Amino acid sequence: MTSSVMAWLLVFFVINFGLAFMLAMNVSRIRIRKNISNGHGNDLELKKAIRAHANALEHTVPFGLLLLVAALSGSGSATLAVLTIAFSLARFSHAYGMLTVGFQARRIGAAVTYLFEIAVLLVLCVNAVSL
């Protein structure tokens, strides 16, 4: 694995787990402000924050593992750059849409996330055939 491939993996993990961390901090901030220690307390703002955080983890962890396998199986830095940038922008768009009234941003973020989850699987198929 080249240093540029490793750099894109690091960029992916810093950005996406940074986003997940910020979303987790948002949940904690709302819990403290509204004095809700467990569950969501039927509070819509807290429900949205919890879902945004959970959804980020639901997609980031598997995608990160697939990205790592893609890197280890021979994907180049350009491929990792495209996958990293597109997925990261999609996740920010989705989180923004979940936490605000920007439903279109959420929809676009989800669609692009799914598109690039399929893309990384195709990359892995190509890498498997090339081995």
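Helices α3 and α4 pack at an angle of about 155°, with their axes 7 Å apart. Here an axis is a line fitted to C-alpha atoms, for helices over the stretch in contact, and angles run from 0 to 180 degrees between N-to-C directions. Angles under 35 degrees count as roughly parallel, over 145 as roughly antiparallel, 65 to 115 as roughly perpendicular and the rest as oblique; α3 and α4 are therefore roughly antiparallel to each other. The model is predicted, so local features need pLDDT of at least 70 and side-chain atom pairs count only at pLDDT 80 or more, whereas totals for chains, interfaces and linings use all residues. Residues are numbered from 1 along each chain as its sequence is written, and side-chain values use heavy atoms, with hydrogens and water left out.

The protein has four helices and zero strands, and its elements run α-α-α-α from the N terminus on. Helices (H or I, at least four residues) and strands (E, at least two) are DSSP runs, numbered from the N terminus. Along the principal axes, the C-alpha atoms fill a box of roughly 55 × 25 × 20 Å. Of the 131 residues, 38% are buried, where buried means under 20% relative accessible area, exposed over 50% and partly exposed in between (1.4 Å probe, protein chains only). The accessible surface comes to about 7,400 Å², and 72% of this area belongs to carbon and sulfur atoms; the areas come from the Shrake-Rupley method with a 1.4 Å probe, and for residues only the protein chains shown count as cover. Among contacts (heavy atoms within 4.5 Å) with a separation of 6 or more, 66% are accounted for by residues 24 or more positions apart.

To return to the opening pair, α3 passes α4 in a left-handed crossing. A crossing is left-handed if the near helix is turned anticlockwise from the far one by less than a right angle, and right-handed if clockwise. On the α3 side, the residues that meet α4 include Thr79, Val82, Leu83, Ala86 and Phe87; on the α4 side, Ala105, Arg106, Gly109 and Ala110 are among them. The residues of this contact divide into 14 nonpolar, six polar and three charged. In this scheme Ala, Val, Leu, Ile, Met, Phe, Trp, Tyr, Cys and Pro count as nonpolar, Asp, Glu, Lys and Arg as charged, and the others, Gly among them, as polar. Not counting residues up to four places away in sequence, Ser93 touches Ala105, Arg106 and Gly109. Ser93 and Ala54 are 39 residues apart in sequence and 15 Å apart in space, C-alpha to C-alpha.

Helix α3 (residues 77-99) also packs with helix α1 (residues 3-34), at an angle of about 10° and with the axes 8 Å apart. That makes α1 roughly parallel to α3. From α1 the contact draws on residues including Trp8, Phe12, Ile15, Asn16 and Leu19, and from α3 on residues including Leu80, Ala81, Thr84, Ser88 and Phe92. By class, the contact of α1 with α3 has 15 nonpolar, six polar and one charged residues. Ser88, in helix α3, counts as buried at 4% relative accessibility. Leaving aside neighbours within four places in sequence, Ser88 is in contact with Phe12, Ile15 and Asn16.

The axes of helix α2 (residues 44-72) and helix α4 (residues 103-130) are 10 Å apart, and the two helices pack at an angle of about 25°. That makes α2 roughly parallel to α4, and α2 passes α4 in a left-handed crossing. The contact is made by His59, Phe63, Leu66, Leu67, Val69 and Ala70 of α2, together with residues of α4 that include Tyr114, Phe116, Val120 and Leu124.

The loop between α1 and α2 holds Asn35 and Asn42. Most residues other than glycine have a negative phi. Asn35, although not a glycine, has a positive phi of about 55°, and Asn42 likewise has a positive phi of about 55°. Asn35 counts as exposed at 71% relative accessibility, and Asn42 is exposed with a relative accessible area of 65%.
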